Amino acid sequence: MIHLSICKKLQGVAENMQLKVAFSVQKGEFVALRGKSGSGKTTLLRTLAGLENANGEIIVENETWLSKTTTLSPQKRRIGFVFQDYALFENMTIEQNLLFVQKDKTLATHLLKLTELTALKNRYPNALSGGQKQRVSIARALMKRPKILLLDEPLSALDPQMRNKLQNELLTLHKEFGTTTIMVSHDPSEIYKLASRVIELENGKIIHDGTPKEILLKTQGSQKFSFEGELLEIKKVDVIYVAIVAIGQQLVEVVVSANEAKTLKIGKVVRLSTKAFSPTIS
Amino acid sequence: MNTIQAQITAIHSVNNLNIIESKTDNDTFIMMSLDLPASLEKGSIVKLAIKPTNIMLAKEKIELLSCENQLKAKIVKIEKGELLCSVTLEYLQNTLEAIITRKRANAMNLKTDENIILLIKASDIYMKEVL
């Protein structure tokens with residue numbers, strides 16, 4: 001069980017903005033942390049890791065990491081930290097990167113096998129692809145058998161296929177080690193696949209805390225099939241109107257009545273919704 | 001998914017809005033659509049599709065109804081859940097499914113082997129592919 005209650009000034013954003021959060025995480029829970037940039041996600045992770053100081057309290061499995069009187073150094077916190085940019089030791093082979101953290105050859109061999117890196121263990125990081133490098137840094141983060149694994153947008157630099165593969169590996173590793181994990185992510189499918197809980201930050205405060213479905217399923221009244229897009233054009237055809245809306249990388253058309261068309265403004269962000277019964281999947 | 005093969009008999013267009021008529025051995029289908037595939041023309045064979053939740057059932061044809069498509073079919077199976085009822089239907093050689101509420105299925109006293117009318121609005125049919 002992790003208890004965290006901290007207060008800290010956020011750097012480089014609007015004046016007097018404070019990161020002020022309090023929450024508990026169960027042992028083995030996989031928590032996704034989301035929010036706009038500048039909302040305090042990375043600061044929260046860095047504070048947990050001891051890389052930044054803060055006022056408050058952090059208690060991890062009955063061990064005090066932070067209190068009025070104690071500040072445990074990062075080295076003593078049993079944290080695994082994975083950054084977006086890998087942060088590997090370039091002058092060491094893959095296997096050495098793992099063993100540097102903890103001289104446990106059995107665990108290193110096991111982790112290399114789980115992340116399909118066994119064949120590459122004698123290579124140096126610069127001979128690896130982005131996906132392979134990130135697998136090394138995830139495996140390395142687990143070498144300490146950390147009490148908390150912190151992942152700061154670990155997969156956002158990878159292409160969709162590699163992302164998908166590494167999401168599955170993270171899931172396998174989480175099942176195997178049961179490490180309490182906090183992951184910063186913006187990708188709804190990633191959050192849904194991996195996390196059992198989502199905490200959303202805004203301006204340094206928690207604005208949502210719930211299951212992925214509660215937080216990510218966008219609904220409009222009872223309608224479960226809902227997307228946000230930009231209204232590009234409304235064209236009159238016969239007695240109806242056709243609205244063209246950009247959603248993500250594509251355009252969709254929606255039929256609207258004259259009365260509905262009157263209330264819509266070109267260029268506005270609109271929400272397209274329909275009942276869960278209507279769409280077809282192919 | 002419910003699909004029915006039909007042959008296009010007419011396409012009426014106003015800009016990118018279309019009403020498409022197609023026929024099976026028994027019926028004429030009326031369908032509304034926005035932009036159409038370029039390959040579509042009179043005589044094309046298409047696969048029409050309807051979601052099971054978009055099919056209404058009636059004991060007999062109803063004149064003076066705005067619903068464009070009324071088809072004769074036979075009930076081959078009725079599966080009742082707590083709230084909903086899945087009715088499997090035979091239309092020509094096609095097997096179709098309609099999902100209605102259990103309450104209406106009971107009220108209508110639906111029976112297997114019974115002939116029934118399917119009501120489908122032109123805006124609820126779509127074209128799955130041009131064959």
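The following legends describe close-up views of a predicted model.

Figure 1. Chain A contains eight helices and 14 strands. Its C-alpha atoms fill a box of roughly 75 × 50 × 35 Å along the principal axes. Of the 282 residues of chain A, 29% count as buried. Among contacts in chain A between residues at least 6 apart in sequence, 65% join residues at least 24 apart.

Figure 2. Helix H4 spans residues 130–142 of chain A and comprises 13 residues. From the first C-alpha to the last, H4(A) reaches 19 Å, close to the 18 Å expected at 1.5 Å a residue. H4(A) is mostly covered, with 10 of its 13 residues buried. The buried residues include the charged side chains of A:Lys133, A:Arg135 and A:Arg140, and among the others are A:Val136, A:Ile138, A:Ala139 and A:Leu142.

**Figure 3. Packing of helix H2 against helix H4 in chain A.** The axes of H2(A) and H4(A) come within 8 Å and cross at roughly 25°. An angle under 35 degrees counts as roughly parallel, and the two helices H2(A) and H4(A) are therefore roughly parallel to each other. H2(A) passes H4(A) in a right-handed crossing. On the H2(A) side, the contact is formed by A:Ile94, A:Asn97, A:Leu98 and A:Val101, which meet A:Val136, A:Ala139 and A:Arg140 of H4(A). By class, the residues of this contact divide into five nonpolar, one polar and one charged.

**Figure 4. Crossing of helix H2 and helix H3 in chain A.** Helix H2 (residues 94–101) and helix H3 (residues 105–114) of chain A have axes that come within 10 Å and cross at roughly 135°. That angle makes H2(A) oblique to H3(A). The crossing of H2(A) past H3(A) is right-handed.

**Figure 5. Contact between chain A and chain B.** Seven residues from chain A and eight residues from chain B make up the contact. The side of chain A that touches chain B has four nonpolar, one polar and two charged residues.

Definitions and conventions
Residues are numbered from 1 along each chain as its sequence is written. Chains are lettered from A and ligands numbered from 1 in the order in which they are written. This is a predicted model: local features need pLDDT of at least 70, side-chain atom pairs count only at pLDDT 80 or more; totals for chains, interfaces and linings use all residues. Axes are lines fitted to C-alpha atoms, for helices over the stretch in contact, and angles run from 0 to 180 degrees between N-to-C directions. Helices (H or I, at least four residues) and strands (E, at least two) are DSSP runs, numbered from the N terminus. Angles under 35 degrees count as roughly parallel, over 145 as roughly antiparallel, 65 to 115 as roughly perpendicular and the rest as oblique. A crossing is left-handed if the near helix is turned anticlockwise from the far one by less than a right angle, and right-handed if clockwise. The expected span of a helix is 1.5 Å times one less than its number of residues. A residue is buried if 20 or more other C-beta atoms lie within 10 Å of its own, exposed if 12 or fewer, and partly exposed in between; C-beta atoms are placed from the backbone. Two residues are in contact if their C-beta atoms, placed from the backbone, lie within 7 Å.
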